[in-house]
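Open the model in your viewer and keep the selection panel at hand. The tour below goes stop by stop, with something to select at each one.

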Amino acid sequence: MPGSGQILRRQFMADVAAGAAASLAACADGGAAEPSFPPGGYLDDHIHLTQPWFGPERGPLTASILLGWMDRHGIHKAFILPLVSPEAFWYPISTEFVLRETAPHRDRLLPFCDIDPRALGTHLTSKKLVVDAFKRYLDAGAIGCGEHKCRVAVDDPLNMRLYEVLADLKLPILFHLDNQSMMDRPGLPGLEQVLKTFPELVMIGHGKGWWASIAGGIQQEDLHRHFDAGQVAAGGAIDRLMDAYPNLYGDLSSGGAAAMLRDPQFGQAFLLRRKDRLLWGTDWYDLTTNQWPQLDLFAHFQLPDEAVTMIARGNAKRLFAIGR
Ligand SMILES: [Zn+2]
């Protein structure tokens with residue numbers, strides 16, 4: 001049996017090794033040493049806090065429940081997204097609610113904001129009014145726009161006016177695309193028009209229609225289908241647009257994991273070639289959900305540590321200038 005001195009020394013050496021691993025991981029992020037980010041730690045780019053009327057048998061996802069869950073799953077920080085449009089949820093998760101609920105936890109819960117683009121046709125009718133509204137959210141701590149999920153075409157003039165403001169403010173947007181929200185056509189020509197018009201605007205794709213577009217040869221109805229099996233046909237819009245537009249990114253939350261796993265050979269190659277364009281996340285909002293394929297996603301693939309670190313947190317930290 002080793003003496004207690006030896007045990008302490010072993011523990012100390014283990015702590016030193018863990019600290020060194022953390023420093024190395026921080027360097028792989030391309031930034032200064034970040035002691036607060038544990039080795040292997042995730043940054044979840046997509047979570048929604050909810051309110052008590054979400055349902056009595058479920059209950060709301062509160063900040064304290066979320067923080068405990070994050071601790072259990074190695075998630076160091078999370079982006080908290082409002083859902084302001086009627087199509088997004090069955091009651092609005094307002095930006096104000098998100099700012100208030102995250103306020104005591106800003107070291108870990110980082111708020112987003114959003115404005116429904118139809119408000120630009122009714123109330124925020126000048127560019128200055130839209131800029132001022134977003135600036136108030138930025139001043140209150142918002143770091144991104146989204147989840148932008150409204151029944152307005154992705155390239156509708158109202159959305160284009162909103163993107164112009166976001167581009168000016170350098171505020172990235174995370175959007176949901178399917179046949180009910182941010183609608184587009186197969187091949188995503190509307191999204192391409194936006195990317196071409198606003199090359200400075202960081203756009204992060206999410207949702208059924210977005211991930212269906214990983215494959216070529218899809219029809220309009222496929223933009224509203226969740227694909228969790230089947231080979232990915234060549235010629236997908238996502239790869240084509242990512243090649244042409246460096247401001248386009250993908251959110252692996254929700255159906256994003258299934259999009260990688262449905263055709264593991266494609267998923268392996270896609271994760272490698274887009275390692276600088278993908279953000280890891282879960283899209284948790286419902287207490288009855290207790291399985292997230294994202295949590296063991298990387299175990300299904302053979303990726304270098306550098307690629308895993310970029311996807312798990314490095315890309316999000318870079319895009320949103322998060323230091324620790
Ligand atoms: Zn969501």
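Among contacts in the protein chain between residues at least 6 apart in sequence, what percentage join residues at least 24 apart? The figure is 78%. Keep in mind throughout that this is a predicted model.

**Stop 1: the whole chain**

Show the protein chain as a cartoon. Eleven helices and eight strands make up its list of secondary structure elements. The chain has 324 residues, and 53% of them count as buried.

**Stop 2: helix α3**

Select residues 95-102, which form α3. Show the side chains of Thr 95, Phe 97, Val 98, Leu 99 and Thr 102, the buried residues of this helix. What do the buried residues of α3 pack against? Their neighbours are β2 (75-80), β3 and α4.

**Stop 3: Arg 108 and Asp 71**

Side chains of opposite charge can pair when their charged atoms come close. A search of the whole structure gives 13 salt bridges. Select Arg 108 and Asp 71 to see one of them; the closest N and O atoms are 2.9 Å apart. Arg 108 sits in the loop between α3 and β3 (109-111), while Asp 71 belongs to helix α2 (residues 63-72), so this pair ties together parts that are 37 residues apart in sequence. Are the two partners buried or exposed? Arg 108 has a relative accessible area of 16%, which makes it buried. Asp 71 is exposed, at 53% relative accessibility.

**Stop 4**

Select Lys 127 and Glu 164 next. Their side chains form a salt bridge, with an N to O distance of 2.9 Å. Lys 127 is in helix α4 (residues 127-139) and Glu 164 is in helix α5 (residues 157-169), so the bridge links distant parts of the chain, 37 residues apart. Lys 127 is partly exposed at 39% relative accessible area, and Glu 164 is partly exposed at 34%.

Stay on helix α4 and select Asp 132 and Lys 128. Their side chains also meet in a salt bridge, at 2.6 Å from N to O. How many residues apart are these two in the helix? They are four residues apart, about one turn of the helix. Asp 132 is partly exposed, with a relative accessible area of 25%, whereas Lys 128 is exposed at 57%.

Then move to Asp 239, Asp 243, Arg 273 and Arg 274. Salt bridges with shared partners join these four into one network.

**Stop 5: the largest pocket**

The volume of the largest pocket is about 530 Å³. Which residues are closest to its centre? Select His 206, Ser 254, Gly 255, Asp 283 and Tyr 285: of the 32 residues in the lining, these are the closest to the centre.

Now colour the helices α7 (208-212) and α9 (256-261). Each supplies at least two residues of the lining. α7 gives the most, with three residues. Sorted by class, the lining contains 13 nonpolar, eleven polar and eight charged residues.

**Stop 6: backbone details**

Most residues other than glycine have a negative phi, and most peptide bonds are trans. The last selections depart from this pattern.

Select Gly 146 and Glu 147. The peptide bond from Gly 146 to Glu 147 is cis, and its omega is near 5°. Glu 147 is part of strand β4 (residues 145-148).

Go on to Lys 170, in the loop between α5 and β5 (173-176). This residue is not a glycine, yet its phi is positive, near 55°. Lys 170 is exposed, at 65% relative accessibility.

Finish at Met 182, in the loop between β5 and α6 (189-197). Met 182 is not a glycine either, and its phi is positive, about 50°. Is Met 182 buried or exposed? Met 182 is buried, with a relative accessible area of 0%.

Key. Residues are numbered from 1 along each chain as its sequence is written. This is a predicted model: local features need pLDDT of at least 70, side-chain atom pairs count only at pLDDT 80 or more; totals for chains, interfaces and linings use all residues. Side-chain values use heavy atoms; hydrogens and water are left out. Buried means under 20% relative accessible area, exposed over 50%, partly exposed in between (1.4 Å probe, protein chains only). On a 1 Å grid over the protein atoms alone, a cavity is a set of points where a 1.4 Å probe fits but cannot get out, and a pocket is an open set with protein on both sides within 12 Å along at least five of seven lines; lining residues have an atom within 4 Å of a point. Grid points are joined across faces, edges and corners, and a volume is the space filled by probe spheres set on the points. Ala, Val, Leu, Ile, Met, Phe, Trp, Tyr, Cys and Pro count as nonpolar, Asp, Glu, Lys and Arg as charged, and the others, Gly among them, as polar. Contact means heavy atoms within 4.5 Å.
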